[in-house]
Amino acid sequence: MFWSKSESPIRILGTLRILRNNGEETLLSFGDTDTVLALKRRLRELLVTGSEPELVTGKELTPPCSAMRLIFGTDVLLDNWVLGDHGVVDGDQLTLVFSHAPLGKFDCVLETDDPDTWTLATASFAQEGDCCISIVEEDMISIDIEDEYDEYDPYLNGSKWEHWYNGPVEVTGSQLCIVVESSHRLGLFDSIPEPGVLLGEMCDDATVRLQLPFGLSRVTGEEPLRWITLRKEERKICSYPSTDEDRRLPGGAVNPV
């Protein structure tokens with residue numbers, strides 16, 4: 001028996017047969033509330049920990065969950081689907097295939113027509129299949145005002161924005177879809193709604209394009225939701241979040257997830 005975060009028991013529905021590309025099968029149990037993403041994470045743990053020695057490829061060589069595809073019959077199972085709600089029963093066979101997915105930290109310092117503005121966008125793609133996006137934007141003219149008045153709040157005065165979005169990544173070919181499960185925003189965003197999904201595409205191993213919201217659009221006059229190109233900062237594996245410092249939100253709070 002295993003437990004969810006709410007400590008409610010999960011009822012085991014049975015065992016699935018996962019067919020790998022070498023023709024061999026791996027057996028995994030699943031419960032009544034298990035999602036496809038939860039199953040992928042347990043399957044990936046087998047590759048990393050060596051619970052099945054023939055599967056071991058090592059942490060840095062193991063594809064992230066976002067690169068995994070589980071196929072049931074002719075259907076590709078979506079990450080947020082509950083297995084039991086989509087006809088998957090005890091003894092069924094799922095086929096595991098891998099696609100190309102971004103991994104690591106990508107960033108971009110944006111240049112605009114206004115030399116007095118500055119923006120840094122960062123996207124961290126983790127082994128577990130999640131992506132954390134952080135965006136920091138400043139109207140540089142506000143720096144002098146902030147130095148002059150101790151009580152000046154750049155967030156409330158429309159001269160600084162920090163926003164953070166986190167969620168699992170779904171990959172279809174080169175197309176990315178980040179399902180935003182949690183977010184945190186500081187600053188004046190006017191009529192810019194908090195996104196439910198963020199779209200993107202993978203150009204190559206070191207480059208991704210993402211469609212992101214920007215608070216500075218109220219200053220620059222640009223579209224609030226626009227495409228930008230981010231490049232890989234360094235070639236190391238990202239495991240986000242792992243420490244309190246990694247999970248630090250804009251403004252200093254720690255993301256509790």
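The exercises below treat aromatic rings, charges over rings and strand pairing in a predicted model. Local features need pLDDT of at least 70, side-chain atom pairs count only at pLDDT 80 or more, and totals for chains, interfaces and linings use all residues. Residues are numbered from 1 along each chain as its sequence is written, and side-chain values use heavy atoms, with hydrogens and water left out.

**Exercise 1.** Describe the aromatic pair of the structure and its setting.

Solution. Rings of Phe, Tyr and Trp (its six-membered ring) pair if their centres lie within 6.5 Å, and planes under 30 degrees apart count as stacked, over 60 as edge-to-face and the rest as tilted. The structure holds one such pair. Phenylalanine 106 and phenylalanine 125 are its members, 5.6 Å centre to centre with 90° between the planes, hence edge-to-face. Finally, both phenylalanine 106 and phenylalanine 125 are buried (under 20% relative accessible area, 1.4 Å probe, protein chains only).

**Exercise 2.** Find the strand partners of S14 (residues 225-232).

Solution. Two strands pair if DSSP finds at least two bridges between them. S6 and S14 run antiparallel with two bridges, and phenylalanine 106 has lysine 232 as its bridge partner in S14.

**Exercise 3.** Which ring lies under arginine 226?

Solution. A charge sits over a ring if NZ of Lys or CZ of Arg is within 6 Å of the ring centre and within 35 degrees of the ring normal. Arginine 226 lies over the face of phenylalanine 214, at 4.3 Å from the ring centre.

Technical notes: Buried < 20%, exposed > 50% of the residue type's maximum accessible area, 1.4 Å probe, protein only. Helix = DSSP H or I, 4+ residues; strand = E, 2+ residues; numbered from the N terminus.
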